[in-house]
Amino acid sequence: MQTTQQFIKDNQERFLEELLDLLRIPSVSADPAYAGDVRKTADAVAEHLSKAGADNVEVIETAGHPIVFGEKIVDAAKPTVMVYGHYDVQPPDPLDLWESGPFEPVIKKTKLHPDGAIFARGSCDDKGQMFMHVKAFEAMMATDNLPCNIKFMIEGEEEVGSEHLGHFLEENKEKLACDVILISDTSIINNDTPSITTGLRGLSYVEVEVTGPNRDLHSGVYGGAVGNPINVLCEMIAGMMDENKHITIPGFYDDVEVISMEERAEMNKAPFNLENYKEDLSIGDVRGEDGFTTLERTSIRPTLDVNGIWGGYIGEGAKTVLPSKAFAKISMRLVPNQDPDKITQLFQDYFTSVAPGEVQVEVHPHHGGYPVVTPTDTPEYQAAHKAMEATFGKAPIPKREGGSIPIVALFESVLGVKSVLMGFGLDSDAIHSPNEHYGLFNYYKGIETIPYYYQYYAEMKG
Ligand code: BES
Ligand code: MN
Ligand code: MN
């Protein structure tokens, strides 16, 4: 019989075409206008799983977007790997900054992807990375080479905070029972430097509303005497960080895990070039917490960022108005052992306490998530290490990342199962931004690497 790797080579073209078709469906989970397309994508993923040889394939309803499940139990005595991924994508806005349609995938070469990259929303995050697992599974099935049990749980609400997935885990512990959760939804350092993600930040996300006068006012008649809620909001936000870029919310750092100098030195050995980083982003300098490197600032330290701010007149031309209200969306990335609910409460208390008398404030919490750190001394992790080493020809570097996948902490607390974060994207792939792309090298490298994961994992678990 043909080898799994030969099957992958022989089917490369089709594997690409199928991904492009999936990328053509605009599965934007945040916007109800796309609900039909989200479902269509779930159905397409389910069909791919069935065709690849999965049993018990289901599109499972939730109070939000559906979850796709499928499994192949080869032998109940063997270990079980559950693949988690998401088929939903971020909104494509701002549309005018895309060089081609966000849902009309095209392949173009870039400096970092000389073999070409697929430009489309979701190409990297996460349809492209999720689909690598479906294709690797198909290849293992077609070549009679699946050495352990496999389950798939592909959700459609990751980009809106996986709101209904926690409940689904609680209700389906048996169905989801497994030994490890394998996820490709993170990055590697670069295409010559494989890495495995060993940590993700948590998240607390709030929206604030600042109200001044009971109506919009003429900024000449009242200006100078009445507090402008936009001015006040800007002051309040500016006050949340001191001159060392330390967050000033009392208690914010209380639970932050202190990392030893040895471990920090180790982290900073990862390849990183500040000049390239600045050049890639067209920034004159970086900015962040005093005493920490860029690598540390984006992995082991918490943050506070305004994601959007609005109020008053933002249409064409000028309108002289002293607005009644101002708003902002604020995210705080959290690190071990910060608790998102506690941080949200600290934010709320602080924001309310510093509001001057001329305004009233409201804080509306959005979704949150706990940070995670994954162990590296387990067969589950070592299998990923060996698999990447086999296909890249180099040992992967363990690396904590700055993004969040809130469900990972729940896998541990609800199912009692740890995750392995074996992603293949690049930080420069523009996920969540216009012109998101995913390298063909990365897509195929992922498909090639995944079967080795199963092989080594099965061997190690004997
Ligand atoms: N795949 C990303 C998270 C990610 C990206 C982790 C790159 C590590 C490296 C995920 O889809 C994502 O965007 N998560 C959101 C979480 C949120 C919507 C609750 C995030 O990090 O903002
Ligand atoms: Mn993702
Ligand atoms: Mn995302």
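Which side chains meet in a salt bridge at 3.5 Å, N to O, with Lys51 as one of the pair? The partner of Lys51 is Glu47; Figure 1 takes up this pair.

This is a predicted model, in which local features need pLDDT of at least 70, side-chain atom pairs count only at pLDDT 80 or more, and totals for chains, interfaces and linings use all residues. Residues are numbered from 1 along each chain as its sequence is written, chains are lettered from A and ligands numbered from 1 in the order in which they are written, and side-chain values use heavy atoms, with hydrogens and water left out.

**Figure 1. Salt bridge between Lys51 and Glu47 in helix H3.** A salt bridge is a side-chain nitrogen of Lys or Arg within 4 Å of a carboxyl oxygen of Asp or Glu. Lys51 and Glu47 are four residues apart in helix H3 (residues 35-52), and therefore separated by about one helical turn. Helices (H or I, at least four residues) and strands (E, at least two) are DSSP runs, numbered from the N terminus. Lys51 is exposed at 67% relative accessibility, while Glu47 is partly exposed at 47%. Buried means under 20% relative accessible area, exposed over 50%, and partly exposed in between (1.4 Å probe, protein chains only).

**Figure 2. Salt bridge between Arg400 and Glu257.** The closest N and O atoms of Arg400 and Glu257 are 3.3 Å apart. Arg400 lies in strand E16 (residues 397-400) and Glu257 in the loop between helix H6 (229-238) and helix H7 (261-267), so the pair ties together parts that are 143 residues apart in sequence. Arg400 is buried, at 12% relative accessibility, whereas Glu257 is partly exposed, at 27%.

**Figure 3. Salt bridge between Lys278 and Glu275 in helix H8.** Here the closest N and O atoms are 3.5 Å apart. The two residues are three apart in helix H8 (residues 274-281), about one helical turn. Lys278 is buried with a relative accessible area of 14%, and Glu275 is exposed at 52%. Over the whole structure, 24 salt bridges are found; Arg14, Glu18, Lys135 and Glu138 are linked in a network of them.

**Figure 4. Donors of the manganese ion (ligand 2).** Donors are N, O and S atoms within 2.8 Å of the metal (3.2 Å for Na, K and Ca); water is not among the atoms, so sites may look incomplete. The six donor atoms subtend angles of 57 to 166°, which makes the arrangement irregular. Four donors count as tetrahedral if all angles lie between 85 and 135 degrees; four count as square planar and six as octahedral if opposite donors are over 155 degrees apart and all others between 65 and 115; anything else is irregular. Along the chain the donors follow the spacing H-x38-D-x59-D. Asp125 bridges this ion and the manganese ion (ligand 3), with 3.6 Å between the two ions. Both His86 and Asp185 are buried.

**Figure 5. Open antiparallel sheet E4-E5-E18.** Strand E4 (106-108) and strand E18 (437-439) stand at the edges with a single partner strand each, so one side of each is left without a neighbour in the sheet. Two strands pair if DSSP finds at least two bridges between them; E4 and strand E5 (residues 117-119) have three. Ile107 has Ile118 in E5 as its bridge partner.
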